[in-house]
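Dear colleague,

I am handing over the structure shown below, together with an account of what was found in it. Please read the account with the structure open beside it.

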Amino acid sequence: MTRIERRAVGAAIAAFVAAAPLWAAEAVAPDAVNFTDAGGIAESLSGTPGDVENGAALMNKGAGNCIACHQVTALNDLPFHGEVGPSLDGVGERWDEAQIRGIVADAKKTFPGTIMPSFYKTGPYERPGDGYTGKAAQGELDPLLTAQDVEDVVAFLMTLDTYPE
């Protein structure tokens, strides 16, 4: 294959991937997620591959903010890594993609009693309050992350397949 042919194939693949959101499957609703017996989620929640760069950004912002509780050497340029949860270095070696997706979506399926938030769940919850009122929240709550956000975080975590030296 010539260099021009390789570029044409690369451009076609890039166009196909860019159009994916237009034809991708609809996101799985939080209350319709199918967990395995081990707490994993075999299928993508969004039907669209995760974006590693956005996953890395979610590790330090918004509803994700994973580094508030976890240390991630690959993100050492960011301040204030937490020590509440285990280091995420090597997480891609410890669990497969389905298990990581399940842990991000609802860690309590894998680790009952964990204080890690359920990022793709609408209820029922035991702990959340009703925004500074001191009262328990009523009804379902929006998930902390979207289905695509979960896929993006999983894509980033899958890159952490080795321990730094």
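**Findings**

At 35% relative accessibility, phenylalanine 111 counts as partly exposed, a class that lies between buried (under 20% relative accessible area) and exposed (over 50%), computed with a 1.4 Å probe on protein chains only. Tryptophan 95 lies in the loop between α4 (91–94) and α5, and phenylalanine 111 in the loop between α5 and α6 (147–158), so the pair ties together parts that are 16 residues apart in sequence. Tryptophan 95 is also partly exposed, at 24% relative accessibility.

Some points on the model itself should be kept in mind. This is a predicted model, in which local features need pLDDT of at least 70 and side-chain atom pairs count only at pLDDT 80 or more, while totals for chains, interfaces and linings use all residues. Residues are numbered from 1 along each chain as its sequence is written, and side-chain values use heavy atoms, with hydrogens and water left out. The mean pLDDT (the predictor's confidence in each residue, from 0 to 100) of the protein chain is 84, and 81% of its residues reach 70 or more. Over residues 7–12 the pLDDT is below 50, and this stretch has 1 contact (heavy atoms within 4.5 Å) beyond near neighbours in sequence. Residues 19–23 also stay under 50, with 1 contact beyond four places in sequence.

The protein chain has 6 helices and 0 strands, where helices (H or I, at least four residues) and strands (E, at least two) are DSSP runs numbered from the N terminus. Of its 165 residues, 30% count as buried. Helix α5 is mostly covered, with 7 of its 10 residues buried. Among them are Ile100, Ile103 and Val104, and the buried residues of α5 pack against α4 and α6.

The loop between α5 and α6 also holds proline 117, which is partly exposed at 36%. Leaving aside neighbours within four places in sequence, proline 117 is in contact with Lys108 and Leu144. Isoleucine 115 lies in this loop too, and at 61% relative accessibility isoleucine 115 counts as exposed.

Finally, there is the largest pocket, with a volume of about 490 Å³. A pocket, on a 1 Å grid over the protein atoms alone, is an open set of points where a 1.4 Å probe fits, with protein on both sides within 12 Å along at least five of seven lines; lining residues have an atom within 4 Å of a point. The largest pocket is lined by 24 residues, of which His70, Pro86, Leu88, Ile103 and Met116 lie nearest its centre. Helix α5 (residues 97–106) supplies the largest share of this lining, 3 residues. The lining divides into 19 nonpolar, 5 polar and no charged residues; Ala, Val, Leu, Ile, Met, Phe, Trp, Tyr, Cys and Pro count as nonpolar, Asp, Glu, Lys and Arg as charged, and the others, Gly among them, as polar.

With kind regards

Methods:
Grid points are joined across faces, edges and corners, and a volume is the space filled by probe spheres set on the points.
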